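User: Got a model open here and I'd like to talk through it with you. Can we start with the aromatic rings?

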Amino acid sequence: FDDAAGRAIGMVGDTVGMRLRDRCAWRWSFAVTDPETTALLAGLGPIVEVGAGTGWWAHRITLAGGDVVAYDAFPPPDNEYHKGAPTWHEVARMDAAEAAAMHPDRALFVCWPPYGEPMAADAVEAYHRAGGRMVALIGEGSGGCTGDDRLFDLLGEERWSSDDNDEPAAEALFREVEQRPLLTWMGMHDALTIYERSNSSARPGRVAPNPGRAVIAGAEGDAT
């Protein structure tokens with residue numbers, strides 16, 4: 001379930017494509033891996049991944065030469081989203097905030113945090129309190145189907161809202177420094193975004209530009 005497989009899935013129709021997405025999300029991940037993105041993440045240095053699910057991203061980052069420790073409050077087979085799925089990398093059982101706080105010397109990585117739930121925001125806050133300096137997030141951004149408003153407030157993202165008076169509920173602790181579009185499923189708008197601590201001068205080690213965004217499962221897009 002990587003670059004070539006993802007492109008092959010793009011040849012099927014929309015309905016079949018979404019069924020395949022559900023199956024692939026269960027077995028591997030909600031986001032599609034590709035060699036360039038996993039190499040970029042590996043280049044950030046040691047990583048702690050929370051909400052790691054099956055450990056697929058940790059597995060691919062490790063194959064790219066990265067150093068990843070992965071955690072999930074409910075690793076498979078107990079995971080609600082990946083019940084009965086295999087694991088691809090060791091995923092230790094631990095609450096996201098606790099795991100993030102335990103590894104402030106590593107970059108914090110979160111992929112598709114549950115929509116409307118505080119898991120990722122709690123992890124980012126705990127990581128910051130412990131002295132953590134870099135966050136890598138794969139998701140749809142503010143107003144999308146990943147995380148909650150507090151998460152994007154903490155990451156310094158402008159909140160998407162139809163209400164002009166909707167002010168951030170939490171102080172920004174990090175700031176965006178790079179974003180890379182991903183190979184996506186039809187109807188999804190996820191990207192990899194790198195954030196650094198607001199008072200930090202550190203920059204990601206290997207963040208490369210991406211020539212475009214591609215969409216799988218029947219939609220058109222530029223090739224990565």
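User: How many aromatic pairs does a search of the whole structure find?

Analyst: Three aromatic pairs turn up in the search. Rings of Phe, Tyr and Trp (its six-membered ring) pair if their centres lie within 6.5 Å; planes under 30 degrees apart are stacked, over 60 edge-to-face, the rest tilted. Keep in mind that this is a predicted model: local features need pLDDT of at least 70, side-chain atom pairs count only at pLDDT 80 or more, and totals for chains, interfaces and linings use all residues. Residues are numbered from 1 along each chain as its sequence is written, and side-chain values use heavy atoms, with hydrogens and water left out.

User: OK, what sort of pair do Trp56 and Trp88 form?

Analyst: Edge-to-face, at 5.0 Å centre to centre and 75° between the planes. Trp56 sits in helix H4 and Trp88 in the loop between strand E2 (68-72) and strand E3 (91-93), so the pair ties together parts 32 residues apart in sequence. Helices (H or I, at least four residues) and strands (E, at least two) are DSSP runs, numbered from the N terminus.

User: Is Trp56 buried or exposed?

Analyst: Trp56 counts as buried, at 5% relative accessibility, while Trp88 is partly exposed at 29%. Buried is under 20% relative accessible area, exposed over 50%, partly exposed in between (1.4 Å probe, protein chains only).

User: And what about Tyr127 and Phe174?

Analyst: Those two are stacked, 6.2 Å centre to centre with 20° between the planes. Tyr127 is in helix H6 and Phe174 in strand E6, so the pair links distant parts of the chain, 47 residues apart. Tyr127 is buried, with a relative accessible area of 1%, and Phe174 is buried at 1% too.

User: Which other residues of H6 are buried?

Analyst: H6 covers residues 119-129, and besides Tyr127 its buried residues are Ala120, Ala121, Ala123, Val124, Ala126 and His128. Gly131 follows H6 and has a positive phi, near 105°.

User: Switching to H3, which residues are buried there?

Analyst: In H3 (residues 35-42) they are Thr37, Thr38, Leu40, Leu41 and Ala42. Their cover includes H4, E4 and strand E1 (47-50), among others. At the start of H3, a side-chain oxygen of Asp34 reaches to within 3.1 Å of the backbone nitrogen of Glu36.

Key: Contact = heavy atoms within 4.5 Å. Polar contact = N/O pair within 3.5 Å; in protein donor to acceptor, adjacent residues only side chain to side chain.
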